[in-house]
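The reader may wish to keep the structure in view throughout.

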Amino acid sequence: MALPRVSIQTQDFDLSTEIAALRSHNKGVGAVCSFIGTVRDRNEGDAVSSMELEHYPGMTEKSIEAMVDEALRRFDIFGARIIHRVGLLQPLDQIVLVAVTSAHRGQSFQACEFLMDYLKTQAPFWKKEETSQGARWVDARVSDDAALARWGITAQNA
């Protein structure tokens, strides 16, 4: 059974298990680059006690699959694996994994960064933080839009 490229899930993930599965059956892999994002306990100067992520099932996976297709077109990579968690998360919880394999490190690093920049701005997720001032929705950052722009993609955020 082939490993899915994209998973949206409530349960946590194990980096070593995911990397082993991504590398398996390809003796040409010479580089693996990965990024794990975690929930912080502070944002915009305020303490954050939890974060809740929502998505549209089906639409979110389709959008992220298109991102992986674009990474495969742009970079000389073998494969990519993206896991994004949804539901209620606490500080220190893992929230996202992006992992990429290639023959050489440069293409893995670039593709991993490209996918993360794309995810931060274009993936249809809605994030709500719980702070001492109450709950608030998290908007995309201007810096995230600028990171995406360096790849020649204009953010679709208003």
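Trp137 has a relative accessibility of 48% and therefore counts as partly exposed, since that class lies between the buried limit of 20% and the exposed limit of 50%. The model is a predicted one. Trp137 belongs to strand β9, which spans residues 134–137. Together with Tyr56, Met59 and Trp126, Trp137 makes a nonpolar surface patch of about 460 Å².

Tyr56 is partly exposed, its relative accessible area being 49%. Trp126, with 35% relative accessibility, is likewise classed as partly exposed.

The aromatic rings may be taken next. A pair of aromatic rings is described by the distance of the centres and the angle of the planes. In this model there are three aromatic pairs. The ring centres of Tyr56 and Trp126 are 5.1 Å apart and their planes stand at 75 degrees, so this pair is edge-to-face, the angle being over the 60 degrees that this class requires. The pair joins distant parts of the chain: Tyr56 sits in the loop between β4 and α2, whereas Trp126 lies in strand β8 (residues 125–131), 70 residues apart. Elsewhere, ring pairs connect Phe75, Phe114 and Tyr118 into a cluster.

In the largest nonpolar core, which has 31 residues, the members that touch the most others are Ile64, Val98, Val100, Phe114, Leu115 and Leu119. At least two residues of this core come from each of β1 (6–9), β4 (46–55), α2 (59–74), β5 (77–85), β7 (94–102) and α3 (105–122). The greatest contribution is that of α3, with seven residues.

Leu115 shows how such a residue is surrounded. Neighbours within four places in sequence being set aside, Leu115 is in contact with Met67, Val68, Ala71, Ala80, Ile82, Val98 and Val100. Another core, of six residues, lies apart from the largest one and includes Phe13, Ile19, Leu97 and Ala99.

Is Thr101 buried or exposed? Its relative accessibility is 1%, so Thr101 counts as buried. With neighbours within four places in sequence again left aside, the contacts of Thr101 are Leu22, Arg23, Val29, Ala31, Val32, Ile77, Phe78, Gly79 and Ser108.

Terms used. Residues are numbered from 1 along each chain as its sequence is written. This is a predicted model: local features need pLDDT of at least 70, side-chain atom pairs count only at pLDDT 80 or more; totals for chains, interfaces and linings use all residues. Side-chain values use heavy atoms; hydrogens and water are left out. A nonpolar core is a set of buried Ala, Val, Leu, Ile, Met, Phe, Trp, Tyr and Cys residues joined through side-chain atoms within 4.5 Å. Buried means under 20% relative accessible area, exposed over 50%, partly exposed in between (1.4 Å probe, protein chains only). Helices (H or I, at least four residues) and strands (E, at least two) are DSSP runs, numbered from the N terminus. Contact means heavy atoms within 4.5 Å. Rings of Phe, Tyr and Trp (its six-membered ring) pair if their centres lie within 6.5 Å; planes under 30 degrees apart count as stacked, over 60 as edge-to-face and the rest as tilted. Patches are made of residues with over 30% relative accessible area and no salt bridge: like charges are joined within 9 Å, nonpolar side chains (Val, Leu, Ile, Met, Phe, Trp, Tyr) within 5 Å. Accessible areas come from the Shrake-Rupley method with a 1.4 Å probe; for residues, only the protein chains shown count as cover. A salt bridge is a side-chain nitrogen of Lys or Arg within 4 Å of a carboxyl oxygen of Asp or Glu.
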